[in-house]
Each structure stands twice: as structure tokens, then as C-alpha cells.
Amino acid sequence: MRPLSVPTLVVLGLLAAVFGAVLANFVTGRGAVLPVTGWVTGLLLLALGAVLLVCGLPLRRYTKESEERRENPSTAPRRHSIDMLTAFRTIVFARACAYTGSIVGGIQLGQLAFFVSSGTGTLVGALLPTGFGALCGIALAVLGVIVERWGTLPPDDGEGGARSTAA
């Protein structure tokens with residue numbers, strides 16, 4: 001499986017931003033009030049990022065130890081271990097977080113652009129919460145890319161067959 005494509009995440013985020021702005025324009029054009037969900041969305045994304053870090057740190061320790069053992073072979077027992085199924089699931093979870101962060105952050109960014117361009121919404125009532133949600137989404141996407149790069153996935157084409165999922 002190929003590593004995450006950062007340009008694809010950026011394009012996905014930009015498309016989500018356009019969607020968020022169009023959705024905000026559509027909702028307010030019909031006379032409805034656009035709900036501001038930035039604080040709650042941001043906190044949920046931060047919680048998801050914390051879970052990703054908790055899952056990803058054992059993978060990082062394992063891959064770092066594996067790199068050290070490649071440079072300096074040792075017969076001493078490993079200090080850090082992780083089963084390959086857990087490593088694979090962590091990498092897939094990181095990918096899902098990257099996509100989720102990109103999409104949710106993009107939608108929040110689009111809504112923020114709408115608020116700024118239309119002059120609707122107050123600083124504390126709409127701009128700050130929506131900006132917080134956008135920032136948290138982008139942070140989750142970046143964290144997803146980082147954690148995904150801490151390990152490797154098996155190749156698409158079947159070369160290498162039973163290659164491990166971490167290190």
C-alpha cells in the first residue's frame with residue numbers, strides 16, 4: 001500500500017472548504033441560521049488526535065528500536081514490541097484520521113471563509129470557534145500523516161509477500 005499522498009489530502013481539504021462555504025451560503029440564503037459547531041468539533045478532533053497518539057507511540061518506539069538494531073545488531077531482548085496486527089491497525093487508523101482531519105478541517109475553513117467574506121457572525125460567536133475547529137482538523141490531518149509514516153504497510157503488488165507491517 002502506498003503512503004498517504006499529502007497533495008491528495010490538500011486537494012480533499014480544499015474541496016471540503018468549497019463545500020463548507022457553499023453549504024453555509026445555501027443555509028443562510030434560505031433564511032436559516034448557520035449553526036456554529038467549532039468548539040465541539042475541535043474538541044472531538046483533539047480527542048481523536050490524543051487517541052491516535054496513544055496508539056501510535058508504541059509503533060514509533062518499536063520502529064525506532066528496529067532502526068537502531070539494524071545499525072547496531074544486538075542479541076539482547078527487545079525493549080519495545082508490538083504485534084503486527086496492532087501495528088497495521090494503527091497505520092490504517094492514522095490514515096483514517098488524516099482523511100477525517102482534512103475533510104472536517106476543510107469544511108470548517110470554508111465556513112470560516114464564508115463568515116469573513118459575508119460579514120456575518122461575531123468574532124467570539126462564530127469566527128473563533130470555527131477557526132478553532134478548522135485548526136484542529138488540519139492538526140489531526142498532519143498528525144495522521146506523521147503517525148502513518150512511523151510504520152509501513154505491505155506493498156500493493158504482492159512483492160515481498162509476508163513483509164512485516166512495522167519497520
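1. Gln111 counts as buried, with a relative accessibility of 9%, where buried means under 20% relative accessible area, exposed over 50%, and partly exposed in between (1.4 Å probe, protein chains only). Gln111 lies in helix H3, which covers residues 84–118; helices here are DSSP runs of H or I with at least four residues, strands are runs of E with at least two, and both are numbered from the N terminus. Not counting residues up to four places away in sequence, Gln111 touches Gly20, Ala21, Ala24, Leu34 and Thr130, a contact being heavy atoms within 4.5 Å.

2. On the source of these values, the model is predicted, so that local features need pLDDT of at least 70 and side-chain atom pairs count only at pLDDT 80 or more, while totals for chains, interfaces and linings use all residues. Residues are numbered from 1 along each chain as its sequence is written, and side-chain values use heavy atoms, with hydrogens and water left out.

3. As to the overall make-up, the protein has 4 helices and 0 strands, and its elements run α-α-α-α from the N terminus on. Of its 167 residues, 34% count as buried, and among contacts between residues at least 6 apart in sequence, 79% join residues at least 24 apart. The accessible surface comes to about 9,500 Å², of which 69% belongs to carbon and sulfur atoms; accessible areas come from the Shrake-Rupley method with a 1.4 Å probe, and for residues only the protein chains shown count as cover.

4. Helix H3 has 35 residues and reaches 51 Å from its first C-alpha to its last, close to the 51 Å expected at 1.5 Å a residue, the expected span being 1.5 Å times one less than the number of residues. H3 is followed by Gly119, whose phi is positive, near 75 degrees.

5. Gly38 belongs to helix H2 and, at 0% relative accessibility, counts as buried. Leaving aside neighbours within four places in sequence, Gly38 is in contact with Gln108, Pro129, Thr130, Phe132 and Gly133. The C-alpha atoms of Gly38 and Gly125 are separated by 9.9 Å, although these residues are 87 apart along the chain.

6. Val6 is in helix H1, residues 6–29, and is partly exposed, with a relative accessible area of 38%.

7. Leu44, in helix H2, counts as exposed at 58% relative accessibility.

8. The structure holds 0 disulfides, a disulfide being a pair of cysteine sulfur atoms within 2.5 Å. Cys55 is in no disulfide, and the nearest cysteine sulfur, that of Cys97, is 8.7 Å away. Cys55 counts as partly exposed at 31% relative accessibility, whereas Cys136 counts as buried at 6%.
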